[in-house]
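Please look over the sequence and the structure shown below before reading on. The briefing that follows goes through selected features, grouped by topic, so that each can be found in the model.

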Amino acid sequence: MAASRGEFSSRMGFILAAAGSAVGLGNIWGFPSQVAANGGAAFVLVYLLLAFLIAYPVLMTELAIGRFAKANTLAALEKLSRGPISRRASYLFGYLGVVVAGLILSFYGVIAGLMLGQCLESLLSLFGIETGLLSGTGASTFFTLLFMALTFAIVMRGVSSGIEAWSRRLMPMLIVLLLLLIAIVVSQAGAQQGLKAYLLPDFSKIWQGDLLLSAMGQVFFSLSLGVGTMLIYGSYVKQKESLPKLGAWVTLVDVAIAFLAGLLIIPAMYVAMNNGVQIYDSQGELLASSQLVFVVLPELFASLGVFGIVLSSLFFAMLVLASLTSSISMLEVPVATLSEQSGCSRRQAAILSLLVIASVSLLLIWQGDVLFGLAVSASTEFGQPLMGLVFCIYLGWLWQRHLLLSELQKGSPNIANSAFWRCWPNYVKYVCPLIILTIFFSSIAA
Ligand code: PHE
């Protein structure tokens with residue numbers, strides 16, 4: 001017997017959980033690094049545009065399929081299948097989604113573990129204890145496992161008392177910390193120059209290099225698309241909710257937080273530069289994004305004395321919170337799939353998933369950068385676009401329109417006459433696959 005399915009208890013609970021999944025390292029670290037590397041405000045504009053032109057329609061696709069099927073990705077795609085080929089393919093893609101989610105969590109957990117270590121180190125040094133906690137693979141292993149254990153503990157408690165309850169607690173903390181840090185950083189010398197770079201676009205840069213491609217990849221990752229996370233979260237949404245509205249809220253919150261994170265990080269980089277920290281290399285290229293968070297910002301914090309240590313603890317605490325609300329949504333993919341497909345308990349599914357994913361994390365830590373890079377690109381550059389494409393094809397080409405309409409009418413009774421209904425299904429059928437294929441082939445060619 002399959003375990004009984006959970007449900008988000010309220011609209012706000014869903015928005016916080018789904019926005020919690022979306023808001024993560026992608027927003028707070030990835031987005032500002034991309035902004036800095038790709039022409040400041042020009043990238044911000046393109047990103048905002050793409051969020052609504054691509055990410056929102058694909059997010060809606062996942063939410064609609066999920067709520068219709070009330071099941072994990074595999075069973076949901078199977079329900080939309082029209083013949084033996086699409087039915088067989090749904091198994092393949094269902095498990096592919098599990099692999100992509102697991103792979104993302106395995107590297108995400110390592111980075112989040114480092115953040116956790118940095119946070120503890122800053123807190124301890126506030127009390128004069130210098131530990132050098134972060135050095136070495138031993139420390140990395142320890143903090144990755146600690147982070148994974150936190151993720152596991154939340155997911156095991158189920159949808160409403162685990163994922164939803166913790167997203168409700170963690171998301172407001174994250175937003176308060178972010179606003180507090182912005183207020184502090186923006187008042188430092190040098191911040192004005194950063195604000196200008198962030199807010200005044202240089203349009204000539206929009207067509208430069210792969211700005212468009214980077215923005216598309218970024219928006220896909222940031223909204224947790226092409227993994228099955230949003231599909232599964234959609235499957236826990238009540239029938240009375242309006243999906244287009246929920247999707248719009250989640251997109252808005254995600255974009256707003258990415259924008260705010262830029263308001264923190266870009267000025268912070270210029271404050272760091274003002275304090276003598278190097279942020280661009282000799283060719284004028286921004287130092288690698290990993291250096292931004294692990295070298296530039298710590299140097300900035302160090303240049304501010306005790307105040308800087310407080311700032312550093314808050315900053316890394318914020319990153320840990322953001323990562324945790326995302327990692328629980330990743331773990332939910334294998335947990336929901338395993339427990340529903342095999343009939344094992346949620347607890348058993350969570351333990352098994354955790355064991356496999358944590359083992360991959362350890363491999364990534366011990367085997368060095370090459371494998372790590374491979375896990376990142378296999379999952380984000382191949383897995384996510386491919387799964388995004390699959391969702392669009394199942395919705396656009398296989399799902400009968402009248403059934404899709406009646407699913408959307410739950411919670412939005414007048415949707416048949418709306419601009420959304422007139423445009424969206426065909427947009428998902430033709431335009432989204434084209435865009436995704438473009439991203440996909442360009443990233444292979446790059
Ligand atoms: N959206 C998350 C972030 O921005 C990452 C994520 C990807 C979460 C895929 C779930 C699934 O950090």
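An oxygen atom of the ligand lies 3.1 Å from a polar backbone atom of Leu 25, in a model that is predicted. In total, 15 residues surround the ligand, and the closest are Ala 22, Gly 26, Tyr 108, Phe 221 and Ser 222.

**Around the ligand**

- Ala 22, which is among the closest residues to the ligand, has a backbone N or O atom that lies 2.9 Å from an oxygen atom of the ligand.
- A nitrogen atom of the ligand is 3.0 Å from an N or O atom that belongs to the side chain of Ser 224.
- Ser 224 is placed in the loop between helix 9 and helix 10 (229–234), and it counts as buried because its relative accessible area is 10%, with the cut-off for buried being under 20%.
- The phi angle of Ser 224 is near 60 degrees, which is a positive value in a residue other than glycine; as background, most residues other than glycine have a negative phi.

**The nonpolar core**

- The largest nonpolar core has 155 residues, and those with the most contacts inside it are Phe 14 and Phe 315.
- Helix 3, covering residues 41–69, gives the largest share of this core, with 17 residues.
- When residues up to four places away in sequence are not counted, Phe 315 touches Leu 181, Leu 264, Ile 265, Val 293, Leu 297 and Phe 301.
- As a general point, nonpolar side chains in soluble globular proteins tend to be buried together.

**Aromatic rings**

- The structure holds 17 aromatic pairs, and one of them is formed by Phe 31 and Phe 43, whose rings are tilted, with 6.1 Å from centre to centre and 45 degrees between the planes.
- Because Phe 31 lies in helix 2 (residues 25–37) and Phe 43 in helix 3, this pair ties together parts that are 12 residues apart in sequence, and both Phe 31 and Phe 43 are buried.
- The rings of Trp 397 and Tyr 430 have centres 5.6 Å apart and planes at 80 degrees, so this pair is edge-to-face, since planes over 60 degrees apart count as such.
- Trp 397 belongs to helix 15 (residues 369–398) and Tyr 430 to helix 17 (residues 419–445), so that the pair links distant parts of the chain, 33 residues apart.
- Trp 397 is partly exposed, with a relative accessible area of 45%, and Tyr 430 also counts as partly exposed, at 43% relative accessibility.
- One aromatic cluster is formed by Phe 8, Phe 14, Tyr 233 and Tyr 236, and Phe 14 is also named among the residues with the most contacts inside the largest nonpolar core.

**Charges over rings**

- The charged end of Lys 429 sits over the ring of Trp 397, at 4.4 Å from the centre of that ring.
- The charged end of Lys 79 sits over the ring of Phe 68, at 4.7 Å from the ring centre.

**Single residues and their surroundings**

- Gln 218 is found in helix 9 (residues 211–222) and counts as buried, with 6% relative accessibility.
- Leaving out residues up to four places away in sequence, Gln 218 touches Gly 26, Gly 30, Phe 31, Gln 34, Phe 43 and Tyr 47, a list that includes both members of the tilted pair, Phe 31 and Phe 43.
- Val 320 is in helix 13 and is buried at 9% relative accessible area, and beyond four places in sequence it touches Ala 112, Met 115, Leu 116 and Phe 147.
- The C-alpha atoms of Val 320 and Gly 117 are separated by 9.7 Å, although these residues are 203 residues apart along the chain.
- Gln 341 is placed in helix 13 (residues 305–342) and is partly exposed, with a relative accessible area of 32%.
- The C-alpha atoms of Gln 341 and Ala 71, which are 270 residues apart along the chain, are separated by 9.6 Å, and Gln 341 is in contact with Asn 72, Leu 74, Ala 75 and Tyr 95 when its neighbours within four places are left aside.
- Lys 70, in the loop between helix 3 and helix 4 (73–80), is partly exposed at 27% relative accessible area, and its phi is near 50 degrees, a positive value in a residue other than glycine.

How values were computed: Residues numbered from 1 in each chain as written. Predicted model: local features only at pLDDT ≥ 70, side-chain atom pairs only at ≥ 80, totals over all residues. Heavy atoms only, no water. Core = buried A, V, L, I, M, F, W, Y, C linked by side-chain atoms within 4.5 Å. Buried < 20%, exposed > 50% of the residue type's maximum accessible area, 1.4 Å probe, protein only. Helix = DSSP H or I, 4+ residues; strand = E, 2+ residues; numbered from the N terminus. Contact = heavy atoms within 4.5 Å. Phe/Tyr/Trp six-rings, centres within 6.5 Å; stacked < 30°, edge-to-face > 60°. Lys NZ or Arg CZ within 6 Å of the ring centre and 35° of its normal. Near = heavy atom within 4 Å. Polar contact = N/O pair within 3.5 Å; in protein donor to acceptor, adjacent residues only side chain to side chain.
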